[in-house]
Amino acid sequence: MAYLTSLPVREGLSKVSGYYAISLLFTIFGIIVAASFRGRLPSSSAASEAKTSTPATVLLLFGFCVALVIVKLSAAGGLFYIIGNIASRAELLAGTGVYDIFLTPAIFLTILHATRVHSQRRMRLILLIFIVSSLFVLLAVFGGRKIPIFILLFAWIAYQKYVRKIPLISLTSVGLTALIVIFFSAMLEWRVNNQTGSAGDFKAGAVSTIANLSYLDTYLFITDYFDNHPKWQGSSFKDLIARFMIPGPYGNPPLDEGVYIRTLAEGYHVVPSLPFSLMYPSSWPPESYGNGYANFGLIGALLFSAIRGIVIGTGFAIARSHGFGPKSFFLALTTAFNFHFTNLRLTQLAMVLCGFVVIILIERLGARIARMRIR
């Protein structure tokens, strides 16, 4: 990692680790302050959300997920074509992001509703495991790692909340951790092998796997680079507005600030807002810490981290006021796992919320079917 910093690697790592540790404290402080909000919504609101957890809702949402996966697979060339060309998954899946707007909330709400129905003794454990496993496999065939892993984490958290507590040191928790690590490593190895056409070096693969577990290398580069170069002073947020304007001769700027970071790391001098077509076609997402540091230095990193904590804490405060119903719990978990104060994450959250509105209609249909059966 010597090329990432002008400082000796050990000195650079110590500096970044210290800064990032402080930023985490600001995030935690923001969570605690926002989550302590004791505002209560009318009890009827929580009761109304609870009524949407029915077997009909689970079946409708699960069927919706399967249908969207089939459509997405077809648009990308088919299951076997994707498996055979997994190294080119970014190109194959280009243009299919519109399906994810609806698929992402549908997947996680299916898991939350299925777990809550199981807690009400209307669904057998084997059926719950089948639903979670099926969703895991369906999303894993696209070659991604984040969503399949989040499926397992959502299921584990939902079971803890709705059914019973699972000790951290238990066969279930250890088995889940092992499955996540094996899947993460195997998926990365599969994609690398498919790209090179041969099995990679075990040591190099292990180092690559460890490097992919964190953003430390990205943060190391950002901290050092913007300590020695002018900061963006908030100009990166202009890209959000520019995306909705008529593109110039070279197109619009990237929605992901990470494209600037990766281009800078490649040795090119770029600043917002430059067209995406003039930059390196890859990304090192800066997340809240990196985006804050790139714009305003350490003060920005701490401020953006605190904002992230406030948003996460607010999400859980709202979920608590709704009795941790599936919809509010989904929003809380989504912000906790995915939210960062960057253009990319803000846009992704907005897209998920758009799909979320459609999923609510499916939930209400499931609840109505359940009421008709009761009558």
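The protein chain of this predicted model has 16 helices and zero strands; helices (H or I, at least four residues) and strands (E, at least two) are DSSP runs, numbered from the N terminus. Of its 375 residues, 45% count as buried, where buried means under 20% relative accessible area, exposed over 50%, and partly exposed in between (1.4 Å probe, protein chains only). Residues are numbered from 1 along each chain as its sequence is written, and side-chain values use heavy atoms, with hydrogens and water left out. In this predicted model, local features need pLDDT of at least 70 and side-chain atom pairs count only at pLDDT 80 or more, while totals for chains, interfaces and linings use all residues.

**The chain as a whole**

- Among contacts (heavy atoms within 4.5 Å) between residues at least 6 apart in sequence, 75% join residues at least 24 apart.
- The chain exposes about 19,200 Å², and carbon and sulfur atoms supply 68% of that area, as computed by the Shrake-Rupley method with a 1.4 Å probe, where for residues only the protein chains shown count as cover.

- Helix H7 (residues 125–140) has 16 residues and reaches 22 Å from its first C-alpha to its last, close to the 22 Å expected at 1.5 Å a residue; the expected span is 1.5 Å times one less than the number of residues.
- Buried residues of H7 include Leu128, Ile131, Val132, Leu135, Phe136 and Leu139.
- The 13 residues of helix H15 (residues 326–338) should span 18 Å, and the 17 Å between its end C-alpha atoms agrees with this.
- Among the buried residues of H15 are Pro326, Phe329, Phe330 and Leu333.

**Nonpolar cores**

- A nonpolar core is a set of buried Ala, Val, Leu, Ile, Met, Phe, Trp, Tyr and Cys residues joined through side-chain atoms within 4.5 Å.
- The largest core has 57 residues, of which Ile107, Leu112 and Ile151 touch the most other members.
- Helices H3 (55–75), H6 (97–119), H7, H8 (146–162), H9 (171–196), H15 and H16 (343–374) each give two or more residues to this core, and the largest share, ten residues, comes from H8.
- Leaving aside neighbours within four places in sequence, Ile151 is in contact with Ile107, Phe108, Ile111, Val132, Leu135, Phe136 and Leu139.
- A second, separate core of 19 residues includes Val16, Tyr225, Met279 and Ala301.

- Val16 sits in helix H1 (residues 9–35) and is buried, with a relative accessible area of 2%.
- Not counting residues up to four places away in sequence, Val16 touches Leu216, Tyr219, Leu220, Thr223 and Tyr289.

**Salt bridges**

- There are four salt bridges, each a side-chain nitrogen of Lys or Arg within 4 Å of a carboxyl oxygen of Asp or Glu.
- Lys15 and Asp227 meet in one of them (2.5 Å, N to O), linking helix H1 with helix H11 (residues 216–228) across 212 residues.
- Asp100 and Lys72 form another (2.7 Å, N to O); Asp100 lies in helix H6 and Lys72 in helix H3, so this pair ties together parts 28 residues apart in sequence.
- Lys72 counts as buried at 6% relative accessibility, whereas Asp100 is partly exposed at 25%.
- Arg262 pairs with Glu266, the closest N and O atoms being 3.1 Å apart.
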